[in-house]
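Okay, thanks for coming, everyone. Let me put the model up and walk you through the parts I looked at.

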Amino acid sequence: MKELKLINLENVSDEEAGAFDVRQAARAVVFDENNLKRECLEEIGCGVEVIKEIGLIVEYRKKFNIRQTSYCYIVKLIGQKGVPKLEPDEIEEGFETVWMPLPKALEIMKQSKPITYQGPYMVTRDTAFIEAALEIENTMYEDDDFIVKPSIIEGYGVFAKRVFKKGEAVLIWHPTKLNKEGLATIPEDQKRFINTLKDGTLVLLNIPERY
């Protein structure tokens with residue numbers, strides 16, 4: 001995985017960092033393996049499917065003698081948004097899950113003024129991840145058959161990468177069924193991706209079929 005950034009706010013030498021304890025973490029930018037999926041269930045209460053790697057960031061935290069590597073992915077939501085399972089210390093510190101567009105998240109991150117020791121590390125790391133995710137968003141999905149990228153017509157579109165034979169399936173949809181509770185959690189800018197089936201069931205089109 002590509003290294004995006006080394007965060008060394010305390011000017012730790014390579015020799016010092018070599019003696020630090022190693023910590024690894026999985027992080028995700030979620031668009032509405034196993035360790036990442038478990039992390040998302042705990043942090044945001046959702047199942048996810050990995051779409052693309054963003055990159056990794058290494059942090060040297062001298063106070064705790066930790067060399068932390070965070071691996072970040074772009075993922076899509078699978079199923080309904082659930083209830084996060086936060087740790088007691090996270091609840092005590094006021095952690096909460098807030099869904100918002102990436103540009104808004106970046107704006108908030110850049111305006112953040114952390115007051116704890118770990119705050120500047122977290123803000124620097126997550127700002128870098130969000131900026132990288134925004135760059136990748138222009139090519140949100142790609143496989144051997146097609147690619148999702150900006151369209152001159154409107155927003156994004158699905159573009160073929162090869163010639164398809166007559167009658168060949170191009171794309172199989174995997175929409176998310178919505179109940180009343182699920183519908184209430186869909187952000188306003190995502191509601192245009194909601195369709196109604198013949199039986200009246202509401203479904204949210206996921207990436208890439210929504211485009």
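For strands, I'm using DSSP runs of E with at least two residues, and for helices runs of H or I with at least four residues, both numbered from the N terminus. Two strands count as paired if DSSP finds at least two bridges between them. Before I go on: this is a predicted model, where local features need pLDDT of at least 70 and side-chain atom pairs count only at pLDDT 80 or more, while totals for chains, interfaces and linings use all residues. Residues are numbered from 1 along each chain as its sequence is written, and side-chain values use heavy atoms, with hydrogens and water left out.

Back to the strands. Glu-142 has Ile-147 in β6 as its bridge partner, and the hairpin from β5 to β6 goes through 3 residues. Then β6 pairs again, with β7 (residues 156–160), antiparallel over 5 bridges. Val-148 has its bridge partner in β7, namely Val-158. That's a hairpin too, with 5 residues between the strands, and Gly-155 in the turn has a positive phi of about 55 degrees.

Next, the other sheet I want to show. It's an open one, 3 strands in the order β8-β10-β9, with antiparallel pairing. β8 (176–178) and β9 (194–196) are at the edges with a single partner strand each, so one side of each has no neighbour in the sheet. On average, neighbouring strands here are turned by 35 degrees against each other, direction ignored; the axes are lines fitted to C-alpha atoms, for helices over the stretch in contact, and angles run from 0 to 180 degrees between N-to-C directions. Between β8 and β10 (residues 202–204) there are 3 bridges, and Lys-177 stands opposite Val-203 in β10.

Now the aromatics. How many aromatic pairs does the structure hold? The count is 4. Rings of Phe, Tyr and Trp (its six-membered ring) pair if their centres lie within 6.5 Å; planes under 30 degrees apart are stacked, over 60 edge-to-face, and the rest tilted. Phe-193 and Tyr-211 have ring centres 5.7 Å apart and planes at 75 degrees, so that pair is edge-to-face. The pair links distant parts of the chain: Phe-193 sits in the loop between α6 (180–184) and β9, Tyr-211 in the segment after β10, 18 residues apart.

Buried or exposed? I call a residue buried under 20% relative accessible area, exposed over 50%, and partly exposed in between (1.4 Å probe, protein chains only). Phe-193 is buried, at 6%, whereas Tyr-211 is partly exposed, at 22%. Arg-192, also in the loop between α6 and β9, is exposed at 58%. From Arg-192 to Leu-205 is 13 residues in sequence and 9.3 Å in space, C-alpha to C-alpha. Elsewhere, Phe-64, Tyr-117 and Tyr-121 make one aromatic cluster.

To finish, the whole chain. There are 6 helices and 10 strands, and 34% of the 211 residues are buried.
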